[in-house]
Amino acid sequence: MDHRKERMKSDCKKIMDSINAMCFENLTDEQVHSLVMMREIARGVVENRVGKVSNSDVKKALSSSIEKMVESCRDVVNILGRISCEGLGEEEFQKLVRMKEIAIGIVLKRSTAVTAFGGEEQADGGDDVGSEKDMYSGGVEVESRSEDDQNEVRQGVVDGETHTWNGYVPIIEGAGEERKMVEDYHEVVSRDEDAWNVGRGSVVEGMRDAGHQEQSRRVEGLMFEDDCLVVVSEFETQDVKSEVQKSWSPETPQIPIPWPSDDVINLQWVQDMMFNIERSSYGGKSPMRFCDLIPVPLVDKLIDTATSILCMEPNCVQVDCQGEDSRVVVVGDIYGQFHDLLHLFEHAGLPSDNQLYVFNGNYVDRGARGLDVFLVLLAWKVLMPSRVYLLRGNHESRYCTFLYGFEEEVKTKFGDHGEYVYNKCLDCFKELPLASVIANSVYTTHGGLFRSITSSRKSKRKREESLELGSLEDLSKVKRSLIDAPDVGPNVLLTDVLWSDPSKEDGLVEKTFRERGLWWGPDCTEAFLKQSNLKLIIRSHEGPDVREDQDDFGDMLSGYSVDHVGDSGKLYTLFSAPDYPQCGEKRYNNKGVYAVLKPPNFESPSFHSFKDVGRPQADADGDNDLVIVDKPGSVTASATGAASLSLASVSSEVDFKTLGISNPPSSSVMMGDGAGGTELVQVPKAPVVEGLPLPSELQEPHKAAYKYFLELIAGLKHMVSTREVQKRPMNEPCKSELDI
């Protein structure tokens, strides 16, 4: 008997899902009513309801669905209301008017329907509920009025005497939000009477051609009128966001986002920030206009506030996930793909009391909008410090941001203030935690495992010699406030955490491939999980470009891979930048993925993939003023788009892969800055290169490789000699002169 009940419930659930997926556009009132009745009967079976389904239940269900649509339209109206009409041409202005009319029409029709159904209040001078009158429904005007009538109605709205919108939909006194929305709308679109008449007239003509007519009637009829269904269909087929973007003129001045006067940001502020940054990214706006929207004082406040929170967090943060409805979303590399981050939020949901986020680092570089990504995530951190956790990646460093584009992005967007903003970001990078432990079960970090402090203090050993595995206690003692991770010393653990990768071979050894960090094998994963009493490791750091030539692991085209499986748990690699990289000649068409952890079975995460979304390209077709350095060996573009000749450009001509060289020498070198720190220095082109020209019989790709190596050697010699001259006092003789 129980088996039959369960089967019946399962079938009823399928019925509910099927009806919910239907489009009601071309159905009659009776057909819609029957379908909803069927859905509610099925819902009663699924939820073990005892009573019968009545017409009242159907009306409540329909009303709930309409309210959801109305709320969505309110959001659309609010978004459109924040768009300034200054500088818009007539065509752009009419598009904004049209979109807002559609949304307000749906909101106001629902308000009217409720009023008519209640039958208790009317607009001043309105007719009886049951009589015929002109109405506005979803942007559909029934009939035109005389110019005098139109002016009279407009004046009435402005003066607050008549509570109608264009005289067509009654707004009940005290309706509050709906009335304010009408007044706000009228204020935005009524720039001048001629413009308003043009915009309004276009709506009248368009709807008159469509032949839509509307009469007031009881609430049941209002729910299913054909013209209302046409409006719903229009929302389904018309990308409102795209229309807003198209109507937004590149020449329109951007209104700076203000920092709250009380220094307290709220959810609306963060959402407005995301919306405005996204909006500014379309329409061909130069990235040099970014500082108009996000001024330096705002960056100061946001970064300082976030840094004050981050610096109080330990190297390994504890993430508590309590409650049956709670879950943690773990995100991998983002690489400056701002629009894909927004899509991830749409896909997974925004951070909330019940939904925590842990980001594994690499927010910047290789994408055109690393600064956008980083600032938005800092805003979420400030808003929800115990719900959003930002870990550090290897690209959150001076070394990587110089090579892979973030420094140039910031300096392009902020001009004369670029150096200042870039250094503010670097100061914040230094405070990002290195790892997290979620619900005492899951360890997340950017790179991976690390050696013990004892190992780091021993004398330099051979690369093939095995090291001792570190513990969470070792990690807690690392000095993370170094902008560039060191290769030796007690803080070499910082390098390990940010740069290490898994191996299929047992052991913990220093790398020979990517130069920095360690390789660790399945035995180390097992030992770390066991000694830390954990069930799972989720790390990032490796995308499809790195895994392309590795046969031992997954290619990451699906966005994640299972790298180690042991008795104590598993190791996963997670990558969240779809169609990576945004800037570069080769795209991998990979999916982005985020992981979801729910209690009580944290050892069994679910992985959710998403594809890339349409985004402006960082090339000649889009942000052509934006400087992007894709990787060592790429052509460096100037702020005007011109390429500058350097050793990096020479390196880009060499096909190292064909030569079997997987780690070619970079055209930059890390050197001391004279103040106890380090700086990344680009090797200059030498005025004279020994060994050139090369013999003509040399064939490619060997010829290009020889040329690059000779020029690199010459550049290094030139750099050393010029630095020595700069350091030596002018009157001090050089060593060769003393020898003579």
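Contact here means heavy atoms within 4.5 Å. In this predicted model, helix α15 lies across strands β7 and β8. The direction of α15 is at about 135 degrees to that of β8.

Strands β7 and β8 belong to an open sheet of five strands, in the order β8-β7-β6-β17-β18. The pairing within this sheet is mixed. Its edges are formed by β8, residues 388–390, and by β18, each of which pairs on one side only. On average, and with direction ignored, neighbouring strands of the sheet are turned by 20 degrees against each other. In general, the strands of a sheet pair through backbone hydrogen bonds, in either a parallel or an antiparallel manner. Strands β17 and β18 run antiparallel and are joined by five bridges. Within this pair, Val593 has Ser609 of β18 as its bridge partner.

Helix α15 spans residues 370–383, and helix α11 spans residues 267–280. The axes of the two helices come within 10 Å and cross at roughly 175 degrees. Because angles over 145 degrees count as roughly antiparallel, α11 is roughly antiparallel to α15. On the α11 side, the contact is made by Leu267, Trp269, Val270, Met273, Met274 and Ile277. The α15 side contributes Asp372, Leu375, Val376, Ala379, Trp380 and Leu383. Of the residues in this contact, eleven are nonpolar and one is charged, while none is polar.

Val382 is also part of helix α15. Its relative accessibility is 15%, and since values under 20% count as buried, Val382 is classed as buried. Leaving aside residues up to four places away in sequence, Val382 touches Ile265, Leu302, Thr305, Ala306 and Ile309. The C-alpha atoms of Val382 and Val270 are separated by 9.7 Å, although the two residues are 112 residues apart along the chain.

Two residues other than glycine have a positive phi near 60 degrees, namely Asn48 and Arg366. Asn48 is placed in the loop between α2 (29–46) and α3 (55–81). Arg366 is placed in the loop between β7 (355–359) and α15. With a relative accessibility of 53%, Asn48 counts as exposed. Arg366, in contrast, has a relative accessible area of 12% and is buried.

Cis peptide bonds are found at two prolines, Pro581 and Pro600. The bond from Tyr580 to Pro581 has an omega near -10 degrees. Pro581 lies in the loop between β16 (570–574) and β17 (592–597). The bond that joins Pro599 and Pro600 has an omega of about 0 degrees. Pro600 is found in the loop that connects β17 with β18 (606–610), the two strands that are joined by five bridges.

A further buried position is Glu510, with a relative accessible area of 13%. Glu510 is located in strand β12, which covers residues 508–510. The side chain of Glu510 makes a polar contact, at 3.1 Å, with the side chain of Arg451.

Technical notes. Residues numbered from 1 in each chain as written. Predicted model: local features only at pLDDT ≥ 70, side-chain atom pairs only at ≥ 80, totals over all residues. Heavy atoms only, no water. Axes fitted to C-alpha atoms, helices over the stretch in contact; angles between N-to-C directions. Helix = DSSP H or I, 4+ residues; strand = E, 2+ residues; numbered from the N terminus. Parallel < 35°, antiparallel > 145°, perpendicular 65-115°, else oblique. Nonpolar A, V, L, I, M, F, W, Y, C, P; charged D, E, K, R; others polar. Buried < 20%, exposed > 50% of the residue type's maximum accessible area, 1.4 Å probe, protein only. Pairing = 2+ DSSP bridges. Polar contact = N/O pair within 3.5 Å; in protein donor to acceptor, adjacent residues only side chain to side chain.
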